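Here is a short report for a first look at this structure. Keep the sequence and the 3D view side by side as you read.

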Amino acid sequence: MINKLVEKIQKTNAPIVVGLDPMLSYVPQHIQKAAFEEFGETPAGAAEAIFRFNKAIVDATCDLIPAVKPQIAMYEQFGVEGVKAFQRTVDYCHEKDLVVIGDVKRGDIGSTSSAYATGHLGSVQIGSKRFSTFSEDFATVNPYLGSDGIKPFVDVCKEEKKGIFILVKTSNPSSGEFQDRLIDGKPLYEHVGEKVAEWGSDCMGDSYSYVGAVVGATYPEQGKLLRQVMPKSFILVPGYGAQGGKGKDLVHFFNKDGLGAIINSSRGIIAAYKQDQYIDRGITAENFADASRMAVEDMIADIASALH
Ligand SMILES: O=c1ccn([C@@H]2O[C@H](COP(=O)(O)O)[C@@H](O)[C@H]2O)c(=O)[nH]1
């Protein structure tokens, strides 16, 4: 799957991921109203509304982008119905030939990680049959439990040619509380980066490993260092847009081949229709998906101008 991700980035010339983080408050009233008329003001109604919202955004942007990143928390808040909307979203994005990165941030003791890896990236045996359930192409993984929590994901990646992005240096303001702590003279995130490079070394696609890393756009200096520490790992970079990251912060996340990083923006794209800069260009809640397309085009141009 890492090969497909690289090919799609090269084809679209867009190292970006649209984050599908559909809070109900971002879903325009006309979509909520139609879904509630059919399913009531219920979790099922909310799940239908967020799926319709996602579908419109995917339809408006899928020719421009290589990948999407649905954030499972936004779906889980609506319980079982929300999880069904997550699954419908993954399936619809696959129909559109997009690479799907499930932002699920899993990781536990080995046996439990194994079940997470099976559910999100692998297939589960039921009697005489096997089923792929969630079926994302990549999943985000939390490394806090160490190697035996990561190994089941790596094993499934090898079997299924799927991939993972391991949290190394996260984009949030408090990420330094633990991740910047010095151990043997080096910050914890650097130790984790070294392990990512090691775990990924026998799990290679054509040019990049199936084992990638998450490093926030909000920490460009750390991104520069980690790019050197993990030369063969793709970096998933959240923090662009709503969290303040800009194209100029991203230059050192990329390798000299122009690859090696993929930048996520969620609110900046899915809720673009609420921003003055797009309202001034004729956007209303009715044509919200057109604003998402404009925001994707602007993001591609911003990153390209920073890199060239
Ligand atoms: O370090 C991290 C890891 C994950 N995220 C996730 O990315 C998106 C960012 O959303 P924006 O609206 O573009 O800020 C969201 O799903 C986070 O959970 C992150 O931000 N930082």
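## A covered strand

Start with strand β7, which is mostly covered: 7 of its 7 residues are buried. A residue is buried if 20 or more other C-beta atoms lie within 10 Å of its own, exposed if 12 or fewer, and partly exposed in between, with C-beta atoms placed from the backbone. Strands (E, at least two residues) and helices (H or I, at least four) are DSSP runs, numbered from the N terminus.

This is a predicted model: local features need pLDDT of at least 70, side-chain atom pairs count only at pLDDT 80 or more, and totals for chains, interfaces and linings use all residues. Residues are numbered from 1 along each chain as its sequence is written.

## Partners of β7

β7 covers residues 163–169 and pairs with β6 in the parallel sense over 4 bridges. Two strands pair if DSSP finds at least two bridges between them. G163 in β7 is the bridge partner of F138. The chain crosses from β6 to β7 through helix α7 (residues 147–160), and this β-α-β crossover is right-handed. Right-handed means that, with the strands pointing away from the viewer, the path from the first strand over the helix to the second runs clockwise. Another bridge partner in β7 is I166, which goes with V141.

β7 is also joined to strand β10 (residues 211–215). These two strands run parallel, with 5 bridges between them. I164 stands opposite V211 in β10.

Which way do the residues of β6 point? F138 and T140 point one way from this strand (residues 138–141), while A139 and V141 point the other way. All are buried. Strand β3 (residues 99–106) runs parallel to β6, and 3 bridges join them. R106 stands opposite V141 in β6.

β3 is joined to β2 as well, by 2 bridges, and the two run parallel. A67 stands opposite V99 in β3. β2 spans residues 67–70. A67 and K69 point one way from β2, V68 and P70 the other, and all are buried. β1 and β2 run parallel too, joined by 4 bridges. Here V18 stands opposite V68 in β2.

## The whole chain

Now step back. The protein chain has 13 helices and 12 strands. Of its 308 residues, 50% count as buried. The C-alpha atoms fill a box of roughly 55 × 55 × 35 Å, taken along the principal axes.

How does the radius of gyration compare with that of a compact globule? With 308 residues, such a globule would have a value near 19 Å, and the protein chain has 19 Å, which agrees. The radius is taken over C-alpha atoms, and the globule rule is 2.2 Å times the number of residues to the power 0.38. Two residues are in contact if their C-beta atoms, placed from the backbone, lie within 7 Å.

## Around the ligand

There are 19 residues around the ligand, and Q71, T170, P238, S266 and R267 come nearest. A residue is near a molecule or strand if its C-beta atom, placed from the backbone, lies within 6 Å of it. β12 (261–265) and α11 (267–270) each supply at least two residues of the shell.

By class, the shell has 3 nonpolar, 13 polar and 3 charged residues. Ala, Val, Leu, Ile, Met, Phe, Trp, Tyr, Cys and Pro count as nonpolar, Asp, Glu, Lys and Arg as charged, and the others, Gly among them, as polar.

## Two loop residues

Most residues other than glycine have a negative phi. N13 has a positive phi, near 60 degrees. N13 sits in the loop between α1 (2–12) and β1 (16–20). N13 counts as exposed because it has 12 C-beta neighbours inside 10 Å.

Phi of D97 is also positive and near 60 degrees. D97 lies in the loop between α5 (79–95) and β3. Is D97 buried or exposed? With 10 C-beta neighbours inside 10 Å, D97 counts as exposed.

## A buried serine

S292 lies in helix α13 (residues 288–307). S292 counts as buried because it has 26 C-beta neighbours inside 10 Å. Leaving aside neighbours within four places in sequence, S292 is in contact with I57, A60, T61, I269, I270 and A272. S292 and A271 are 21 residues apart in sequence and 7.3 Å apart in space, C-alpha to C-alpha.
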